[in-house]
Amino acid sequence: MRRFALRFLRSPEGMVGLVLLACLVAMALLAPFVFPRDPLSIVGRPLIAPFTDASLPLGTDRLGRDVLAGLMHGARASLLVGVFAALVAVAVGTVVGTVAGFAGGLIDEALMRVVDAFQVVPAFLLALAFVSVTGPSLPVIVFAVALGAWTGPARLARAEVLSIRERDYVAAARAIGMHPAEIAFKEVLPNALPPVLALVSVIVASAVLIEAALSFLNLGDPNIVTWGSMIAEGRNVLRTAPFLSIVPGFGLVLTVLGVYLFGEGLVEAMAHRRGRQ
Amino acid sequence: MSSFLISRRSLLQGAASALVLQGALLSALPSLAHAEDAPRGGRLIVAADSEPRNLNPAIVASNGVFFIASKVIEPLAEAALDGEGALAPRLATSWEGSEDGLSITFKLREGVTWHDGKPFTSADVAFSAMEVWKPLQNLGRIVFANLDAVETPDDHTAVFRFSAPTPIQLIRNALPVVTSVLPKHLYEGTEIANNPANSALVGTGPFKFAEYKPGEYYRLTRNDAYWGEGQPKLDEIIFRILPDRAAAASALEAGEIQLAAFSQVPLVDLERISKVPGLKVVTEGYEALTYQLVVEINHRNEILADLKVRQAIAHAIDKNFVVDTVFLGFAEAATGPVPQNAPEFYNPETPEYAFDIDKANALLDEAGHPRGADGTRFALRLLPAPFFSETRQFGDYLRQALAEIGIDVQIVANDTPAHLKAVYTDHDFDIAVGSPVFRGDPAISTTILVQSGIADGVPFSNQGGYANAELDAIIAEAAETVDTEARTALYNDFQRIVAEDLPLINVAEWGFTTVASTRVVNVGNNPRWAVSNWADTGLTP
């Protein structure tokens, strides 16, 4: 494990990703302390340009809301959606994949057709349809994003399980009379998990983007500030106050980049370990 | 008292002594007082942001339809910038109400032909009124509710007979909107709602309907047989479909289109675009199309049923901030349910609610809603109408404004169908941001916002469960008051009571803007310009 951590830290991608993510998490955690007021509250004249007012370093938007407060609180929304959507997607996906792979036969067929059905619909359209029917709020958005993301983990988990279930230790577990469900979730699933976890970074990154896109289309939760909604607001004044779109846009780019690089570093470190085995 | 059409122009012409204006005299005059002499010819390309499925203005009296259809199908009269009647004659040349309010006589213009060559007669008016306006049209249903019959003593006279006294003031104010005349010979005996002429329009207007390419454009061409002398000026009008608002601004700058109306160019871009050489920003031409920004209130909510709470909300809203920041100055702070640019009805003596946080807080304390440990008094759900970016933005502002006085507001964002259903059918809201239109007479557009007993599901009406017997009585009385002064006085009371009792809170009123190439002349020269016939609009080389 220590070697694994060392190898991760030695990869430049992983390090950059880690630093970016750490900054993001720090922003999200510090936001309520640095800006205890509602980030949507009106604090100054509208459309103050960035770096002109020391108390409002990144300026204000069309209603006079602090852009820096929005940026920091927006990190919370992005992070929350990303992490929870990935958790839900991986949890649902691995369970479905494990059951399908381990049970085989008709159950496998049925579950995999469901996976196919979800996979043919683009994840964003699925989320769009779901949110526009149920109405936007943060839990709904998390669920909507997970809806399009769980199929990847499911297929990967199933493929792993198919190979693992033929291993000797699984046969041994059967021989000592363990219940099939116990074998599936205690013996097989933990060993099928690592490659699935490599998918997490991809899911988090796409979840952040989908959330931003939904907010951009006014389908985000209107009561919290998100980067997507900030960009959408800024788009109206793109020609006169481009910083309103650029600032949260940078936030998005760096977040997605950080998550990808972090994932890349993880995969690399893991590949080394696997190669050794 | 009978009322007659007297435009300022006719007064200036020295015709003041004549109470009944002769059709011949009027038809000889250009219909617009401010008409500039425009050159002949040219093709005007206009941005259109929607493609109405039914283009028939006699059935769907809405601005989206009028924008295109008003050039082809004409009403009996059009709104004019000044003059007592504030009307300019179109297919009718004069109108006169009887003393008892039971009949109105229209003299119709002679020598007018339909685009297919058939003559226009009183039979067309009678048919349109009885078969289309009264039974099928969204607004005509209200205005002509008591219309019994239309008599046609000759080809150029139509006498409207009502079963109950109908105020001439109401009919007059409604003329531009509800009286688009359809050709009887194309509609008689057919299923009117599905007639092919609803999309391929046939009218008497200055332009003929030539072509419609879905998703691309509508094309209108000059009607050489138009009755207006020397009109129309343009050879062709193309309505290019540009649903994306940002696209309209760049198309104007690139010279691909010459005109974008109805604020197709967003307010925030106006300052920049007004400096672009060759383009002009015109704010005139929407005086009779005033939108009102209102806070709709669900009186079923026990907290909001208390007048003090509603007053507190009114005091918490900084109307000037809304005008300056949300509307960038292209609006006016409202004082009551009738906008200030409707001088015929506007009553300036209504109670006002100055922006005063302390007073709002005091009112809420008095009403028995002390602040809790976290500083909030109670929570409300706010549904901002998604129709305009301004209504959404005002929703964001309102949430913050009410947070200042300890009301925790949760915004519920919906798309248009879901918003209409939630507010006007399911009543699933506490407060909502709405944008009703003032259509020239309170009876057409405004009374419905506070009147009780309206069926669930009627959009843009009182669905907040508000009931005030005094207001209902005034509305009912005004509906039957034929005398113009007495009727106006009733609506003055109406405005005072609405402002006192706050069934809804009027925040601001705004019109639209037009951005046009400086080559386009006679832009915005009547109060419904964007939805008028553009007969005098021209294009300089």
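In chain A of this predicted model, confidence is lowest in helix α1(A) (residues 2–10), with a mean pLDDT of 81, and highest in helix α4(A) (residues 105–120), at 94. Chain A as a whole averages a pLDDT of 89, and 98% of its residues score at least 70.

Let us start with the helices. Two packed helices are described by the angle between their axes and the distance between those axes.

| Helix pair | Angle between axes | Axis distance | Crossing |
|---|---|---|---|
| α2(A) (residues 12–34) and α3(A) (residues 67–103) | about 125° | 7 Å | left-handed |
| α5(A) (residues 123–134) and α6(A) (residues 138–149) | about 150° | 8 Å | right-handed |

Take α2(A) and α3(A) to begin with. Their angle of about 125° makes them oblique to each other, and their crossing is left-handed. On the α2(A) side, the contact is made by A:Leu24, A:Val25, A:Met27, A:Ala28, A:Leu30, A:Ala31 and A:Val34, while α3(A) brings A:Met72, A:His73, A:Ala75, A:Arg76 and A:Leu79. By class, this contact has 10 nonpolar residues, 1 polar and 1 charged.

Now for α5(A) and α6(A). How are these two helices oriented to each other? They are roughly antiparallel, because an angle over 145 degrees counts as such and theirs is about 150°. From α5(A), the residues A:Ala123, A:Leu126, A:Ala127, A:Phe130, A:Val131 and A:Thr134 come together with A:Val140, A:Ile141, A:Ala144, A:Val145, A:Leu147, A:Gly148 and A:Ala149 of α6(A). Here the contact divides into 11 nonpolar and 2 polar residues, with no charged ones.

**A sheet in chain B**

Next, please turn to chain B. An open sheet of 4 strands runs in the order β4-β5-β7-β6, with antiparallel pairing. Which strands stand at the edges? They are β4(B) (92–97) and β6(B); each has a single partner strand, so one side of each is left without a neighbour in the sheet. From one strand to the next, the twist averages 20°.

The β6(B) end of the sheet can be followed residue by residue. Strand β6(B) (residues 147–154) pairs with β7(B) (residues 157–162) in the antiparallel sense over 5 bridges, and a hairpin of 2 residues joins them.

**Where the chains meet**

Finally, the two chains come into contact through 17 residues of chain B and 17 residues of chain A. On the chain B side, the elements that give two or more residues are α9(B) (267–274), α13(B) (389–404) and β16(B) (407–411). Which of these gives the largest share? That is α13(B), with 6 residues. By class, the chain B side has 7 nonpolar, 6 polar and 4 charged residues.

How values were computed. Residues are numbered from 1 along each chain as its sequence is written. Chains are lettered from A and ligands numbered from 1 in the order in which they are written. This is a predicted model: local features need pLDDT of at least 70, side-chain atom pairs count only at pLDDT 80 or more; totals for chains, interfaces and linings use all residues. Axes are lines fitted to C-alpha atoms, for helices over the stretch in contact, and angles run from 0 to 180 degrees between N-to-C directions. Angles under 35 degrees count as roughly parallel, over 145 as roughly antiparallel, 65 to 115 as roughly perpendicular and the rest as oblique. A crossing is left-handed if the near helix is turned anticlockwise from the far one by less than a right angle, and right-handed if clockwise. Two residues are in contact if their C-beta atoms, placed from the backbone, lie within 7 Å. Ala, Val, Leu, Ile, Met, Phe, Trp, Tyr, Cys and Pro count as nonpolar, Asp, Glu, Lys and Arg as charged, and the others, Gly among them, as polar. Two strands pair if DSSP finds at least two bridges between them. pLDDT is the predictor's confidence in each residue, from 0 to 100.
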